[in-house]
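The sequence and the structure come first.

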Amino acid sequence: MSKLTLKANPAVVAVLLLVLLWPAAARSEEAWLAVFEQTCSKTSEAMTLSVAELNALIEKCGELQKIIETQDESTRKVYLKRLQMCRNLYAYMLEHKKGGQASK
Amino acid sequence: MGSGDLVACLKRRTPLRHLVPALLLVLLVSSGGSALDHEELANVLKSMPPNGPLWRYGNVVMRSTTKKAGMAPVLFVHWSHRTRYTCRVCHMELGFSMKQGGTGITRNQYLAGNFCGACHNGEVAFSVKDGPQPQCKRCHLEDTRALQKAFDEFAQELPFATFGNGIDWSAALKEGMVSPVNSIGTDPPIKLAAKLKQPLKLGTSSPRSDVDFSHQDHYEELDCSNCHPDIFNIKKKSTEDFTMDSNIYGNFCGACHMKVAFPMNDCKRCHKSMSSQQY
Amino acid sequence: MKRIVLVCLILLCGASLLWGAGGTKKRKPLPHEFGSVLISNYSRQAGLAPVQFDHWVHRKNYTCRVCHVDVGFGMTANSTKIRAVDNAKGYFCGTCHNGTATFGSTRIFASCATSYTREDYQRCVKCHALEKDPAREEAFYHFLERMPRETFGNGINWEKAEEDGLLKLVDNLDGVSFKKASMKVEGDFALKGKVEGMPEIIFSHAKHTVWNGCELCHPEIFMGIKKGSTKYSMIELFDGKYCGVCHDKVAFPQTDCKRCHSKQAQG
């Protein structure tokens, strides 16, 4: 049966491949968005995170930055700004924790 | 001898002959300046010594929307209001602008109890509403004679001065002859900071003309926000940065002390070490 | 004669001085104009008037955080560099102004598109306003009537309005905002002013974080964590720095001294 399909039409094959690969492409775009969400949704609890966690988050931000820079202009504009705010807050908290001084 | 000579003499002395070309020249040069527009400049010139009729000093004509409404412009008189309320009440609590035309008063606004309507509601003062005895013409003045007469009666009791309204408001205040209310309750003032109770020495080009500015005297009738930061940006501490010329144009001290508060005829009020000439 | 010449000379000097100095009196914005931002990056290139953005229309429905953190708007005029294409793609203004999103039961009008018809143009000038809109002004005063008052700024005490339940601000946009854990809020603290005798400033983190979150202010606006590590002066604040980033043109203005300098000093 499959032999028949393959022989039948290369166009069909192309379409099939596209259909199979398309969600993967979409998934990879959504993938970084999901990572972005995971990373930057912790800003409201930044005060309670440990130095190690903050370091990990900042590293993740660095990776995200590389991915975002490959996106189109509009996405870049928006997400780089959001990433910057998110990353800077973590860096700020890290500095505070490393400094070891109370904020009051 | 005779009328011909008199006319010639008048023509020589009339300021208009000199004023018009001077005005034109000044207007040409100042066309880029944003400090005052041309009408205001004309007012400034009119207010230079001598200040004009006593009853007229400090009056503000409000005509932004009156023409469209078919009413005479409003003639607002500072002299009758300043005995009852300090500058702060109107210019801060009620939101009146320090610039003519800057407040945005409309009939709808004051009927709703804003601006004039805050007091002119029939309880504190005569109402602005239409009724059996509308008081429109008391403000939308068409004939100023009654007002002038009212001023003469009003000024009788108050200490005399040779400039402005012909009333020494400061003396009146100090002697308790007038006790204006400093807050109608919407936003009472905070205590003046101890440091600001000291007079502020403002240097000028010559030590003889140095000014001792009293925050305390001003705080009795004004709020911090009336001057800071719009009129006085606290960056500039001394008068080296601003001059009498800019004052004459209504900047800095001139915002009030040209047309409403005591005019700058009385040099000694601020420049205490100057000789006592009036101008 | 001499006096007149002297007067004219002074005026001439004054005029030229001022022409250089540019005057010092600023016009105070009227209640309905307060918080208005002129956005003018690419509008003229596109043949449209710059955008007149009114904060009051938006802040009665959303928190500051939603736009300035989640959507990514900058804190100063023209810093965001919004293009029509961004809006058309559903970013920035287009996040909500896309013709399908709703606030409550009202549909939010769409923003930019790549091409527009004569009818569409009426929609464009809602923001790219060519002249003052008296209807907008009237809408403001209508809104103002129901709100608790204050002397400065919009004349509306936004804080009290929310406290009294007159406003319910949206803090989360589906598809844009992240699900966040609730924040442990810092307590209030007092800051001593520079001028002796001025009442101390009571700063409340709680009042700010409920609308801003953390990243709006830290570290971009406020660098030092340790209280009092950076000395702010009113000069800088009036210049639009630190507290002045918001409390100069959008939040209650700094002319309302006692809102911050509120600690009652003894004696």
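## Salt bridges and aromatic pairs

C:Lys132 has a relative accessible area of 65% and is therefore exposed, where exposed stands for over 50%, buried for under 20% and partly exposed for the values in between (1.4 Å probe, protein chains only). The model is a predicted one, in which local features need pLDDT of at least 70 and side-chain atom pairs count only at pLDDT 80 or more, whereas totals for chains, interfaces and linings use all residues. Residues are numbered from 1 along each chain as its sequence is written, chains are lettered from A and ligands numbered from 1 in the order in which they are written, and side-chain values use heavy atoms, with hydrogens and water left out.

The side chain of C:Lys132 meets that of C:Glu33 in a salt bridge, 3.5 Å from N to O, the term being used for a side-chain nitrogen of Lys or Arg within 4 Å of a carboxyl oxygen of Asp or Glu. This pair links distant parts of chain C, 99 residues apart, with C:Lys132 in the loop between α5 (118–127) and α6 (134–145) and C:Glu33 in the loop between α1 (2–21) and β1 (36–39); helices (H or I, at least four residues) and strands (E, at least two) are DSSP runs numbered from the N terminus. C:Glu33 is buried, because its relative accessible area is 18%. Elsewhere in chain C, salt bridges with shared partners join C:Glu150, C:Glu159, C:Lys207, C:Asp256 and C:Arg259 into one network.

Over all chains the structure holds 22 salt bridges, among them the following.

| Salt bridge | N to O distance |
|---|---|
| C:Lys89 and A:Asp72 | 3.0 Å |
| B:Arg88 and B:Asp223 | 3.3 Å |
| A:Arg82 and C:Asp70 | 4.0 Å |

In chain B, both B:Arg88 and B:Asp223 are buried.

Between chain A and chain C, 26 residues of chain A are in contact with 36 residues of chain C, contact being heavy atoms within 4.5 Å. The area buried between these two chains is about 2,700 Å², of which carbon and sulfur atoms give 58%; buried area is the accessible area (1.4 Å probe) that two parts lose on being put together, summed over both. Three salt bridges are found across this interface. The pair of C:Lys89 and A:Asp72 crosses between the chains, and its members are both partly exposed, since the relative accessible area is 46% for C:Lys89 and 34% for A:Asp72.

Turning to the rings, a search of the whole structure finds 22 aromatic pairs over all chains, where rings of Phe, Tyr and Trp (its six-membered ring) pair if their centres lie within 6.5 Å, and planes under 30 degrees apart count as stacked, over 60 as edge-to-face and the rest as tilted. One of them is the edge-to-face pair of C:Phe222 and C:Tyr232, at 5.5 Å centre to centre with 65 degrees between the planes. C:Phe222 counts as buried because its relative accessibility is 18%, whereas C:Tyr232, at 27%, counts as partly exposed. Ring pairs also link A:Trp32, A:Phe36, A:Tyr79, C:Tyr91 and C:Phe178 into a cluster.

Charged groups meet rings as well: the charged end of C:Arg83 sits over the ring of C:Tyr42, 3.8 Å from its centre, and that of C:Arg59 sits over the ring of C:Trp211, 5.6 Å from its centre. For this, NZ of Lys or CZ of Arg must be within 6 Å of the ring centre and within 35 degrees of the ring normal.
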